[in-house]
Amino acid sequence: MANLECTPVSEWGFFTLPRPMVIAGPCSAETEEQVLETAKGLRELGINVFRAGIWKPRTHPGCFEGIGVPGLKWLQRVKKETGMKVATEVASERHVFECLKYGVDMVWLGARTTANPFLVQEIADALKDTDIPVLVKNPVNPDLDLWIGALERLNRAGIKKLGVIHRGFSSSQKIIYRNDPGWKIAIELRTRFPEIPFFADPSHMGGSRDYVLELSQRALDLGLDGLMVESHCNPSCALSDSKQQLTPAEIKDLLSRIVVRETDSDSLEYKEGIDHLRAQIDVIDDNLLYILQSRMNISRKIGEYKRDHNIAILQTARWDEVLDGMVKNGRKYGLAEDFVKAVFNAIHEVSVQAQNEILEASQKAKL
Ligand code: PEP
Ligand code: MN
């Protein structure tokens, strides 16, 4: 399993606000005035990391594809006049060189770039021997290994200040959000690498300013550390992603409305309460394991019985009936259909596998 050697975010010297860490700024740097006005508005809220896209990966040619190198000079002004750290997206070796030349403090890899190991490697090589933090957005497709692979490539190039940004996944289904949150993959990454600072990007996930609050809240409730939010001094005139950007005043409102729950507590009462509940869960989990083992034993016996009577292992009609019954009973217990189906299909799959093994063993013995 991948192992990453990382510098704790507390040692980056970037984020001074308590949780959540906030990165905010426009989708794209458009004009010097827009960049400075937005940055100053955000700085007043205590936000000290500014984002702005300089090179924009657009779906269709002919759209605004970013201001390019001149925008890096505006970011220099932001640094000088507000003291904020500045960050932008890089998608090639050339972008990295320009960012290093103009003193960009932090870069991120966009979702389309993370999905391409050639580009990730090119960027990792260009960043070799630098100390700047790199944030890696999830790939557009829900592929956890591709995401981890990008982190590994950067880490092998000596990048130790690594963070991740979850912006959701492209979906072929019609969903209310621009990208499918697919939180399961984010939780898995968080569990595997708990030390890596984890940001959510509710702007690209939601695709509309209406969803930024609920997605931010969800991310924080899941224990993520920070937010990257798009902010523009005049969103309706934005040259890209105008529907999802918030004014600095709206960012202020967002930050005042999100509820930040503690990740842990020192209170004795809390500790006693949670320990008691966890002890109950541990007993139930142990019982579940015992019950699963008993079920597997019976399942193997059924396998032997079928083998002795020359009966096929899989009887889908019977399984459909069993599953239907389970879903109905589950409903009585207040258990969601999807949950019941997922649990029992997983149990059924290993049972069939075990019965298959019994059959194969007897066939081998006959040969
Ligand atoms: C962005 O952050 O401006 C961007 C292009 O995001 P993503 O890579 O998530 O689409
Ligand atoms: Mn954008």
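**Figure 1. Lys101 joins Glu98 through a salt bridge between their side chains, 3.6 Å from N to O.** A salt bridge here is a side-chain nitrogen of Lys or Arg within 4 Å of a carboxyl oxygen of Asp or Glu. This is a predicted model, in which local features need pLDDT of at least 70 and side-chain atom pairs count only at pLDDT 80 or more, while totals for chains, interfaces and linings use all residues. Residues are numbered from 1 along each chain as its sequence is written, chains are lettered from A and ligands numbered from 1 in the order in which they are written, and side-chain values use heavy atoms, with hydrogens and water left out. Both partners belong to helix 3 (residues 93-101), where they sit 3 residues apart, about one turn of the helix. Helices (H or I, at least four residues) and strands (E, at least two) are DSSP runs, numbered from the N terminus. Lys101 is exposed, at 60% relative accessible area, whereas Glu98 counts as buried at 15% relative accessibility. The terms are set by relative accessible area: buried is under 20%, exposed is over 50% and partly exposed is in between (1.4 Å probe, protein chains only).

**Figure 2. Glu81 and Lys40 form a salt bridge with their side chains, at 3.2 Å from N to O.** This pair brings together distant parts of the chain, with Glu81 in helix 2 (residues 70-82) and Lys40 in helix 1, 41 residues apart. Glu81 counts as partly exposed, at 39% relative accessibility, and Lys40 is also partly exposed, at 37%. Keep both in view and look for their neighbours: Glu32, Lys40, Arg77 and Glu81 are linked in a network of salt bridges. In the whole structure, a search finds 16 salt bridges.

**Figure 3. Four residues coordinate the manganese ion (ligand 2): Cys27 (SG), His204 (NE2), Glu230 (OE) and Asp241 (OD), at 2.0 to 2.4 Å.** Donors are N, O and S atoms within 2.8 Å of the metal (3.2 Å for Na, K and Ca), and since water is not among the atoms, sites may look incomplete. Along the sequence, the donor residues of this ion follow the spacing C-x176-H-x25-E-x10-D. Cys27 comes from the loop between strand 1 (21-25) and helix 1 (32-43), and Asp241 from the loop between strand 8 (226-230) and helix 10 (248-257), so this pair ties together parts that are 214 residues apart in sequence. Both Cys27 and Asp241 are buried.

**Figure 4. Asp241, one of the manganese donors, also meets Arg178 in a side-chain salt bridge of 3.1 Å, N to O.** This pair too links distant parts of the chain: Asp241 is in the loop between strand 8 and helix 10, and Arg178 is in the loop between strand 6 (162-166) and helix 7 (183-192), 63 residues away. Arg178 counts as partly exposed, at 39% relative accessibility. While you are here, check the backbone: phi of Asp241 is near 45 degrees, a positive value in a residue other than glycine.

**Figure 5. Trp12, Phe14, Phe15 and Phe199 are linked into a cluster by ring pairs.** Rings of Phe, Tyr and Trp (its six-membered ring) pair if their centres lie within 6.5 Å, and planes under 30 degrees apart count as stacked, over 60 as edge-to-face and the rest as tilted. Searching the whole structure gives 5 aromatic pairs. For Trp12 and Phe14, the ring centres are 6.2 Å apart and the planes stand at 85 degrees, so this pair is edge-to-face. Trp12 and Phe14 are both buried. Phe14 and Phe15 also have ring centres 6.2 Å apart, but with planes at 45 degrees, so this pair is tilted. Lys85 lies over the face of Phe14, 5.0 Å from the ring centre. A charge sits over a ring if NZ of Lys or CZ of Arg is within 6 Å of the ring centre and within 35 degrees of the ring normal.

**Figure 6. A nonpolar surface patch is formed by Tyr333, Leu335, Phe339 and Val343, with about 430 Å² of accessible area together.** Patch members have over 30% relative accessible area and no salt bridge; like charges are joined within 9 Å, nonpolar side chains (Val, Leu, Ile, Met, Phe, Trp, Tyr) within 5 Å. Accessible areas come from the Shrake-Rupley method with a 1.4 Å probe, and for residues only the protein chains shown count as cover. Tyr333 is in the loop between helix 12 (316-332) and helix 13 (337-366), and is exposed at 68% relative accessible area.
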